[in-house]
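Please look over the sequence and the model shown here before reading on. The paragraphs below go from the whole chain to single residues and their contacts.

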Amino acid sequence: MISNRMPAIYLPHGGGPCFFMDWNPRGMWDPMGAYLSKIPELLPARPKALLIISAHWEESDFTVQTKRAPGLFFDYYGFPDNTYQLKWPAPGSADLAARVQSLAAGAGIPVAADAARDFDHGVFIPMLMAFPDAGIPTIQLSLKQGLDAEAHLALGRALAPLRDEGVLIIGSGMSFHNLRRLMQRETGGDIRHVSHDFDAWLQDVVSGDRNALKDWESAPNARICHPREEHLLPLMVVAGAAGKDAFSMPYHEDSLGPTGIAVSAFHFG
């Protein structure tokens, strides 16, 4: 492997501004926050740039952010006042945005540009933990409406060369995203085992034929774990960019929340 080649990472970004709130029952967010804070230690070098695919941005076509100095889009509601005062002033990168468009075009995938988009919380919340200095040029890439898994895998494959250019590709979502079931105290059908079966399926697929992710709805309990799949689709882009690189799970939580659901991060390369 090229020494400065960046991995591709699918990470959980928690719930809203969870790492910056006093409300943290039984320390449920502490292991995830500790993992996010240690991401720089898991890299071969400091990235030249970050490309982040967030679950919280969907457009009719894949769209890349081109704003020179993005602000923060506080796309969460009803949280403490301090969580609306957070700052993460990372610079954008028009050059990286153009490179994303060029690579995607080479694979026949159109990528639009958005010069007004700010960073949503799927970007700035985990990055405040991982890179609090906000010193790395960062751009955000949208999901495509329709949430077709194969299309997102294909985009990831097209963007794979960025990893050899010092770009850290990050998919920001949650491997389990049924918030109602996460926070309820009664299992209502043993959601813990439901989530663990789905997580085991994800581990099995990413260790083998990653193209099988396009059939994720056939996984055990898929639609219970993801009533809507926007938090899973960033994994498709990351897995596409991963090629055949080995994967690791530097974060795996098997008892998150009152119902003890499983949540994992996947690093490739």
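This is a predicted model: local features need pLDDT of at least 70, side-chain atom pairs count only at pLDDT 80 or more; totals for chains, interfaces and linings use all residues.

Residues are numbered from 1 along each chain as its sequence is written, and side-chain values use heavy atoms, with hydrogens and water left out.

The protein chain contains eight helices and 10 strands, where helices (H or I, at least four residues) and strands (E, at least two) are DSSP runs numbered from the N terminus. Along the principal axes, the C-alpha atoms of the protein chain fill a box of roughly 50 × 45 × 35 Å. The radius of gyration of the protein chain is 17 Å, which agrees with the value near 18 Å that a compact globule of 269 residues would have; this radius is taken over C-alpha atoms, and the globule rule is 2.2 Å times the number of residues to the power 0.38. Of the 269 residues in the protein chain, 54% are buried, where buried means under 20% relative accessible area, exposed over 50%, and partly exposed in between, with a 1.4 Å probe and protein chains only. The accessible surface of the protein chain is about 10,800 Å², and 51% of this surface belongs to carbon and sulfur atoms; the areas come from the Shrake-Rupley method with a 1.4 Å probe, and for residues only the protein chains shown count as cover. Among contacts (heavy atoms within 4.5 Å) between residues at least 6 apart in sequence, 81% join residues at least 24 apart.

In H3, 10 of its 10 residues are buried, among them His-121, Phe-124, Pro-126 and Met-129. The cover over the buried residues of H3 includes E1, H1, E2, E5 and strand E6 (167-173).

Which loop holds Asp-120? Asp-120 is placed in the loop between strand E4 (112-114) and H3, and its relative accessibility is 0%, so Asp-120 counts as buried. Leaving out residues up to four places away in sequence, Asp-120 touches Ser-54, His-56, Trp-57, Phe-73, Asp-75 and Gln-140. Asp-120 also forms a salt bridge with Arg-117, with the closest N and O atoms 2.8 Å apart; a salt bridge here is a side-chain nitrogen of Lys or Arg within 4 Å of a carboxyl oxygen of Asp or Glu. Arg-117 is buried as well, with a relative accessible area of 14%.

Arg-117 is in turn one of the residues in contact with Pro-70, a list that also includes Gln-65, Ala-90, Asp-118 and Phe-119 and leaves aside neighbours within four places in sequence. Pro-70 lies in the loop between strand E3 (63-65) and helix H2 (94-106), and at 7% relative accessibility Pro-70 counts as buried. The C-alpha atoms of Pro-70 and Ile-139 are separated by 8.7 Å, although these residues are 69 residues apart along the chain.

The structure holds 12 salt bridges. Side chains of opposite charge can pair when their charged atoms come close. Asp-133 and Arg-46 meet through their side chains in a salt bridge of 2.9 Å, N to O. Because Asp-133 lies in the loop between H3 and E5 and Arg-46 in the loop between H1 and strand E2 (49-59), the pair ties together parts that are 87 residues apart in sequence. Arg-46 is partly exposed, with a relative accessible area of 47%. Another salt bridge joins the side chains of Glu-229 and Arg-223 at 2.7 Å, N to O; Glu-229 counts as buried at 10% relative accessibility, whereas Arg-223, at 35%, counts as partly exposed. A network of salt bridges links Arg-5, Arg-163, Asp-164 and Asp-245.

Arg-26 has a phi near 55 degrees, a positive value in a residue other than glycine. Arg-26 is found in the loop between strand E1 (8-12) and helix H1 (30-38), and with a relative accessible area of 64% Arg-26 is exposed.
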